[in-house]
Amino acid sequence: MAYAARQRTRTIFWIGFAFLCCTPAILLCQTPEAGSIFGHVFDSSTGETISGANISLSQLDAPRTRARTSALPTAVSEVDGSFHITSVPAGRYRVFARKVGFAVTLSLPSVTDVIVTVKAGEPTNDVRIMLVPLGTISGTVVDENGLPLPGVEIHALLLDPVFVPARLSSNGD
């Protein structure tokens, strides 16, 4: 019985010794490689804060792969429109918000997105994201006599202000 107790004591001693020896090395190897992003989401037409918006990041200095956004932290804006994203690796990011009822712009960079630089161990504060509310198109399609045309199919086209189509002359200008 005494032998088993001594073996148990030795095992516990060596486990404790290994833990005490390794803990400082592990702590010294850890460096603050991540920062955080604090901000608010606003309605661009009213200036009111928006709750429940999904906040995402896209790393700008990473290769163009699916990994640019898949492993990055996200957030949802609170009742007061605020959001806080933690554990963001240092680097340059496009911060964007999406919510049903607000436009998603296809151009990069977008007026609704913000570019930030996150530094290791430091917060990035006062990020303001403006979302553009969707609009409604209404009216009546009429014929040349002013009478309503039932069953007419209507399509709305989004014209991107960043992309303006141009026509080339015969000499390529």
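**Entry 1**

I use buried for under 20% relative accessible area, exposed for over 50%, and partly exposed for in between, with a 1.4 Å probe and protein chains only. The model is predicted: local features need pLDDT of at least 70, side-chain atom pairs count only at pLDDT 80 or more, and totals for chains, interfaces and linings use all residues. Residues are numbered from 1 along each chain as its sequence is written, and side-chain values use heavy atoms, with hydrogens and water left out.

Val-152 lies in the segment after strand E7 (123–131). Helices (H or I, at least four residues) and strands (E, at least two) are DSSP runs, numbered from the N terminus. I noted a nonpolar surface patch made of Val-141, Leu-149, Val-152 and Ile-154, which together have about 320 Å² of accessible area. Patch residues have over 30% relative accessible area and no salt bridge; like charges are joined within 9 Å, nonpolar side chains (Val, Leu, Ile, Met, Phe, Trp, Tyr) within 5 Å. A salt bridge here is a side-chain nitrogen of Lys or Arg within 4 Å of a carboxyl oxygen of Asp or Glu. Accessible areas come from the Shrake-Rupley method with a 1.4 Å probe; for residues, only the protein chains shown count as cover.

**Entry 1: Whole chain**

I read off 2 helices and 7 strands, in the order α-β-β-α-β-β-β-β-β from the N terminus. Of the 173 residues, 24% count as buried. The accessible surface comes to about 12,900 Å², and 61% of this belongs to carbon and sulfur atoms. Among contacts (heavy atoms within 4.5 Å) with a separation of 6 or more, 66% are between residues 24 or more positions apart.

**Entry 2: Sheet**

I traced an open sheet of 4 strands, ordered E3-E2-E5-E6 and paired antiparallel. Its edge strands, each pairing on one side only, are E3 (75–76) and E6 (114–118). Two strands pair if DSSP finds at least two bridges between them. Strand E5 (residues 91–98) and E6 run antiparallel and are joined by 5 bridges. Across this pair, Arg-92 stands opposite Thr-117 and Tyr-93 opposite Val-116.

**Entry 3: Core**

I looked up the largest nonpolar core, which has 21 residues; Ile-37, Ile-55 and Phe-83 have the most contacts inside it. Such a core is a set of buried Ala, Val, Leu, Ile, Met, Phe, Trp, Tyr and Cys residues joined through side-chain atoms within 4.5 Å. Two or more residues each come from E1 (34–43), E2 (54–59), E4 (82–89), E5, E6 and E7.

Beyond four places in sequence, the contacts of Ile-55 include Val-41, Phe-83, Ile-85, Val-95 and Ile-129.

Ile-85 is in strand E4 and counts as buried because its relative accessibility is 0%. The C-alpha atoms of Ile-85 and Ile-37 are separated by 5.1 Å, although the two residues are 48 apart along the chain. Beyond four places in sequence, Ile-85 also contacts Gly-35, Ser-36, Leu-57 and Pro-73, among others.

Ser-36 sits in strand E1. Is Ser-36 buried or exposed? I found it buried, with a relative accessible area of 11%. Its contacts beyond four places in sequence include His-84, Thr-86, Val-118 and Glu-122.
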